[in-house]
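Please read them with the sequence and the coordinates open beside you.

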Amino acid sequence: AAQAISGFGARITREGLPILAVATLATPASGLGVLSAVTSAAAVLTGLAGGRFVDSRARRPMLVGADLFRTLVLMTIPLAAAFHVLSLAQVLAVAVLVGAASVLFDMASHAYLPGLVGTERLMDANARLSATEAVAEMGGPALAGLLFRWLSAPFALAVNAGTYLASGLILLGIRDQEPPPEPPEPQHWVAEISEGLRLAWAEPRVRALLVMGLVQGLFGGVFGALYILFALRTLNLPTDLLGLAIAMGGAGALISAWPGPWLARKIGMGPAII
């Protein structure tokens, strides 16, 4: 339930910050490129340095903390808009902080799940979570488009903040005890990033996934930086139709989420990814 709600929120953030930059702040393509770049950079750096942090602490408080942090950070957008002081610099800062907290949330969530369901149920549990992500991929952008049309982009993000708050409150209700973490030896953050890269590159399967992610990120970053600008300024789509168009990708993801575990068992995880 928490992932479904925060998944909706993540899609509203993902589409909302570029729409806010284009529709409210009249940001040019170069500014959208910077927005996409800083968001990705925050995710990469958090992913590399956050593994040791996640491994050394209880995961549920980390998940709740990430949700509450995202709530507070996003609420600065409608507040600044209400006082007419909203700027692209603030949007960039919010994108960095929310992006970093979202990666930390995802890492802690993946680390938390095996202790809740056990390794024998892990694949099916991940499939169900993938299904909720696919539903969020359909419903989140569509909801975002309607919210931005009804409320304007800055104030629609207040609803987004509410989804993270609801997710955090639901996670507080989990009573199962997670296995105690085994804290690794403390290291400087540069050493942690170097260790993360070294460990990822040393494992052949993780190395292949890392290269795949880099290629997807490179070309996806070009697409992600420009498609909202293209849709709003060139095609003159209203935000609700833009949200509906993005939601169609979620329909494909939802269809593919259910046969995923069966396909992995039938031909293996690697061929299933290909």
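**Notes on the model**

1. Helix α2 (residues 29-55) packs against α4 at an angle of about 35°, and their axes lie 8 Å apart. The axes are lines fitted to C-alpha atoms, for helices over the stretch in contact, and angles run from 0 to 180 degrees between N-to-C directions. Helices here are DSSP runs of H or I with at least four residues, numbered from the N terminus. The crossing of α2 past α4 is right-handed, that is, the near helix is turned clockwise from the far one by less than a right angle.

2. A word on the basis of these notes: this is a predicted model, in which local features need pLDDT of at least 70 and side-chain atom pairs count only at pLDDT 80 or more, while totals for chains, interfaces and linings use all residues. Residues are numbered from 1 along each chain as its sequence is written, and side-chain values use heavy atoms, with hydrogens and water left out.

3. Which residues make the contact of α2 with α4? On the α2 side they are Val34, Leu35, Val38, Thr39, Ala42, Ala43, Thr46, Gly47, Gly50, Gly51, Phe53 and Val54. They meet Val91, Leu92, Ala95, Val96, Ala100, Val103, Leu104, Met107, Ala108 and Ala111 in α4. Contact means heavy atoms within 4.5 Å. By class, the residues of this contact are 17 nonpolar, five polar and no charged. The nonpolar class is Ala, Val, Leu, Ile, Met, Phe, Trp, Tyr, Cys and Pro, the charged class is Asp, Glu, Lys and Arg, and the others, Gly among them, count as polar.

4. Two or more lining residues come from each of α1 (2-24), α4 (88-117), α5 (122-151) and α6 (153-172). The largest share is that of α4, with seven residues. The lining divides into 14 nonpolar, five polar and two charged residues.

5. Two loop residues other than glycine have positive phi. Ala26 has a phi of about 50° and sits in the loop between α1 and α2. His84 has a phi near 60° and belongs to the loop between α3 (59-82) and α4. Are these residues buried or exposed? Ala26 counts as exposed because its relative accessibility is 55%, and His84 because its value is 74%. The cut-offs are under 20% relative accessible area for buried, over 50% for exposed, and in between for partly exposed (1.4 Å probe, protein chains only).

6. Thr163, in helix α6, is buried because its relative accessible area is 12%. Leaving aside residues up to four places away in sequence, Thr163 touches Ile5 and Gly9. Ala127, in helix α5, is buried too, with a relative accessible area of 11%. The C-alpha atoms of Ala127 and Ala43 are separated by 24 Å, and these two residues are 84 apart along the chain.

7. Helix α9 (residues 239-257) contains Gly249, which is partly exposed at a relative accessible area of 44%. Gly249 and Met138 are 111 residues apart in sequence, but 6.9 Å apart in space, C-alpha to C-alpha. Ile255 is also in helix α9 and counts as exposed at 64% relative accessibility. From Ile255 to Val135 the C-alpha distance is 9.9 Å, across 120 residues of sequence.

8. Phe219, in helix α8 (residues 204-234), is exposed because its relative accessible area is 59%. The C-alpha atoms of Phe219 and Ala23 are separated by 24 Å, with the two residues 196 apart along the chain.
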